Amino acid sequence: MEKAAASRDDRLVLLVEDDPDDVILMRRALRRLPAPLQVEHLEDGERAIARLADEQKPVPAVVLLDLKLPRLSGFEVLRWMRDQPRAKRVPVVVLTSSALKDDVGRAYDLGANSYLVKPGAPEALAAMMADVDRYWLTLNERPPFVAK
Amino acid sequence: MTIPKEHPGPSPSSLGGGHRLRLTGGAVAALSSVLLIVTALLLNLNLLRLREARGLVRLTNEIMRTSAEVRTQVIKAETGQRGFLLTAEGRYLAPYEEAAARIGSDHARLVALVLDPEQKRRAVALGALLDAKLNELRQTLALYRLDRDGALALVRTDEGQRLSEEIRALLDEFDNAERQLLEERTDVQDDRAEALTILAGTTGMLSLMSALLGVGLIRKQRQEEQLREVNAGLERRVTERTASLAEANQELDAFAHTVSHDLRAPLRAMRGYAAALEEDFGEAIGKEGRQYVGRIRAAAERMDSLVEDILTYSRLAREDIRTGRVELEGAVDAVLEAMAPAVAETGALVEVRRPMPAVRAQGAMVRQALQNLIGNALKFTPPGKAPVVRVRAETRGEGSPVRLWVEDEGIGVAATHQERIFAPFERLHGRESYPGTGIGLAIVSRVTERLGGACGVFSRPDGGSRFWMDLPAWKD
């Protein structure tokens, strides 16, 4: 645990999502990947920020971020992250049900790395989770980790 | 909905006009007061002149009265002298003496009153004659007391008579001259007064006119100001309305957004759990259980596409439209490429007749309509028969729209239903045989309507359908 203070977990996905059904189904989809991922779930923006601010815990490989969240929205979480040395470079994949042009643009303006719309079909969700794993945790060159 | 964002303010020319009008109104009002002052001055001058004229008339009257007095006194003196000479009665001498005493002062007054140099000369001449006359009278009377006959002889010399006539003639001349002088003077005064009156009248009228004009202009300017205010108010209200409409539109958008995402979240969960149930516990629930799960999934999927179609349909009503050149051929190709799986699945034979003209439209909307038309052509075929679809376009002369045809050899539509099928949620068949939400043709209808076109169908049961869609032709 002491080493964790300045570490990054390259198989850890931080899932920020308030809909428990989506959480269960996404966890299931991520669990069923050939190489399972660690999933840590947070149900609102405040908790997400508190978790990312906690230096005792490892920085995730990627954040799957919903936009419509209680307490603090995904946009606010994103803005906060891009101001923090530790969280600044963590890839953020927005995963939400809205595809409004304004939302998409604003998310990218605030520094989102990707924007995905939750698919209706369960097969599509499984495929999307596999793609996220393949792209963001495997293919993508990881940004150099900054402890402070 | 397209809302004009421009709020044109009052045009510069109308502003300039108002300004000019205001200046003109003020200038005219100033002119009217200047004219009014001039009028007052002229009237005052006129009054002075009239007073002067009245003074002259009074003076002439005085002069005439004095000259008449002199004449009377002369006659009186002569009459008294004659009476005494004839009767030798002393009482006849009284009028003579009275007149002789007064003539001097009357004459002196006359000389003092007269202003005209000619009259002055006559008055002086009259003085000499009067002296001579009085002298003659006095002499005859003095002689009479010494020598009665001698005095009468002196009378008979006609010296007295001659003097009297001369005096009368001179007085006549004097009176006539005085009368003429008065006439001349009053004529001049009359002329001046008349001219002044006309001038005053004219300036008064001008002042009245310019006052009226000024009042009119000022009133007009006020009216224009009021009009401008009213216009500004209207513009403000239009702006407010536009803003509130835009707000209402935004609210509708937000509502559609909410409906879309909040309705879809539970559907996503239903589909997800049904899939999970089937995959993880499929063995345990048996064949019938798996069938039920399949039904749950299908129902949720149907609901999902209904939500999607309703959203599409309502978005079509509100979306801003920016039309441009759309190549029908390219649009048809793009739609067919997207629908390739469905075409392959049904084993359909799709023919596209090339080339096709360009239209003025919005690409995405045209593709949406095409997708629904081609989708219907693929769907509504008798079971077991591969669909045959023909897509073609025709230009029907200059200024006419381009008509795009999507023709099939499917089950067709009875004439009684041909209008109904373009309304939303209208379905002619059971879901089991032909699935769908019943919104496809309503979308086609709305697309063509919003792009300034039209759509329709020629069909008969079992004879295939020929759907058409008119769109404005592209003009370079």
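Let's start with chain B. Take its contacts between residues at least 6 apart in sequence: 75% of them join residues at least 24 apart. One caution before going on: this is a predicted model.

What else can we say about chain B? Its secondary structure comes to 9 helices and 7 strands. The chain has 476 residues, and buried residues make up 24% of them.

Now, the contact between the chains. How many residues does each chain bring? Chain B gives 12 residues, and chain A gives 12 residues. Look at the chain B side, the one that touches chain A. By class, that side has 5 nonpolar residues, 3 polar ones and 4 charged ones.

Next, chain A and its sheet. A quick reminder first. Strands of a sheet pair through backbone hydrogen bonds, either parallel or antiparallel. Which of the two do we have here? In chain A, the pairing is parallel. The sheet is open and has 5 strands. Read across it, and the order is β2-β1-β3-β4-β5.

Which strands sit at the edges? They are β2, residues 38-42, and β5, residues 114-117, both of chain A. Each of these edge strands pairs on one side only. The sheet also twists: from one strand to the next, the twist averages 25 degrees.

Strand β4 of chain A covers residues 92-96. It pairs with β5(A) in the parallel sense, over 4 bridges.

Notes: Residues numbered from 1 in each chain as written. Chains lettered and ligands numbered in written order. Predicted model: local features only at pLDDT ≥ 70, side-chain atom pairs only at ≥ 80, totals over all residues. Contact = placed C-beta atoms within 7 Å. Nonpolar A, V, L, I, M, F, W, Y, C, P; charged D, E, K, R; others polar. Pairing = 2+ DSSP bridges. Helix = DSSP H or I, 4+ residues; strand = E, 2+ residues; numbered from the N terminus. Axes fitted to C-alpha atoms, helices over the stretch in contact; angles between N-to-C directions. Buried ≥ 20, exposed ≤ 12 C-beta atoms within 10 Å, placed from the backbone.
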